[in-house]
Amino acid sequence: MIKKKTPEQHNDFEDAFIREIDEELKNEKIKNIWNKYGLFIIIFVVVAVFSAVSFESFYAWKDKRNQEMSDTFAYALNLQNQGRYAEAHEVLTSLQEADRGIYSDIAKMQEVSLLVEQNQLQNAVNILEAISQNKDFNPQIRDIAILKLASFKLKDAPADEIKTLLSPLTTDQSVWKNTANELLAMLAIREKNFDEAKILYQEISNSPQAADTLKARAQDMINVLSQK
């Protein structure tokens, strides 16, 4: 005697049958997709994996290269500290030739320090002038070069020349505004414009961005100038 299925059993059977048919259709679709696009799928996966590996390799190479550049620069500094200037110059030159990025610019700036230590001030000034006019140079390092150049010119260069040189660094957007103002205050003292110097020092003293040591130095100069 055949037992009749209850409504619940009948529904379970239908659901299972439908799921089985659905899986078959899915498998058939997958097979059809693979038959039609299998080669493209393989190529896509290979390219994706290769790209990931390539980027990882590139960043690994970049990290290694940066470390090598850093080590080379540190070696040049060590030679300079030992007074082995010719060797330090060779290492800094090789660093500039090997790199066209930040380390090349830093090495160029370090050449200035090297020349100053050897009392070759004019050669140092020539390099700083070239850097100050080079728009491809790292902007932050170029600003430092301008400050150094202005400090070298402070002794006897025309006042207008120094003011023009420092002008880009005296804006509110410049992180070097207070340092540039200090150099301009020194220039004003050189030109015996003591009131202008006091105004510049007062601006430094009131600046929330100025370092405490710079503020203290500015206040000392205000006190001195107030006695004139």
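Residues are numbered from 1 along each chain as its sequence is written, and side-chain values use heavy atoms, with hydrogens and water left out. In this predicted model, local features need pLDDT of at least 70 and side-chain atom pairs count only at pLDDT 80 or more, whereas totals for chains, interfaces and linings use all residues.

The chain contains 9 helices and 0 strands (DSSP runs numbered from the N terminus, of H or I with at least four residues for helices and of E with at least two for strands). From the N terminus on, the order of elements is α-α-α-α-α-α-α-α-α. Of the 228 residues in the chain, 30% are buried (buried means under 20% relative accessible area, exposed over 50%, and partly exposed in between, with a 1.4 Å probe and protein chains only). Contacts are defined by heavy atoms within 4.5 Å. Among those between residues at least 6 apart in sequence, 45% join residues at least 24 apart.

Helix 3 has 16 residues, which should span 22 Å at 1.5 Å a residue, and the distance of 23 Å between its end C-alpha atoms agrees with this (the expected span is 1.5 Å times one less than the number of residues). Its buried residues include Tyr 103, Asp 105, Met 109, Glu 111 and Leu 115. Asn 119 follows helix 3 and lies in the loop between helix 3 and helix 4. Although Asn 119 is not a glycine, its phi is positive, at about 60°. With a relative accessibility of 63%, Asn 119 counts as exposed.

Helix 4 (residues 121-132) comprises 12 residues and reaches 16 Å from its first C-alpha to its last, close to the 16 Å expected. Ala 124, Val 125, Ile 127, Leu 128, Ile 131 and Ser 132 are buried in helix 4. These residues cover an arc of only 160° around the axis, and therefore lie on the same side of helix 4 (the arc is that of the directions from the helix axis to the C-beta atoms). An α-helix has 3.6 residues a turn, so residues three or four places apart point the same way. The cover over the buried residues of helix 4 includes helix 3 (102-117) and helix 5.

Lys 153 belongs to helix 5 (residues 139-153). Lys 153 counts as buried because its relative accessibility is 13%. Leaving aside residues up to four places away in sequence, Lys 153 touches Glu 129, Glu 161, Ile 162, Leu 165 and Arg 190.

The loop between helix 7 and helix 8 (194-206) holds Glu 191, which is partly exposed at 38% relative accessibility. The C-alpha atom of Glu 191 is separated by 8.0 Å from that of Ala 159, 32 residues apart along the chain. Lys 192 is also found in the loop between helix 7 and helix 8. Lys 192 has a positive phi of about 65° although it is not a glycine, and its relative accessibility of 62% makes it exposed.

The largest pocket holds about 170 Å³ of space. A pocket is an open set of points on a 1 Å grid over the protein atoms alone, where a 1.4 Å probe fits, with protein on both sides within 12 Å along at least five of seven lines; lining residues have an atom within 4 Å of a point. Grid points are joined across faces, edges and corners, and the volume is the space filled by probe spheres set on the points. Among the lining residues are Asp 172, Val 175, Glu 203 and Gln 209. Helix 7 (residues 177-190) gives the most to this lining, with 3 residues. The lining divides into 1 nonpolar, 5 polar and 3 charged residues (Ala, Val, Leu, Ile, Met, Phe, Trp, Tyr, Cys and Pro count as nonpolar, Asp, Glu, Lys and Arg as charged, and the others, Gly among them, as polar).
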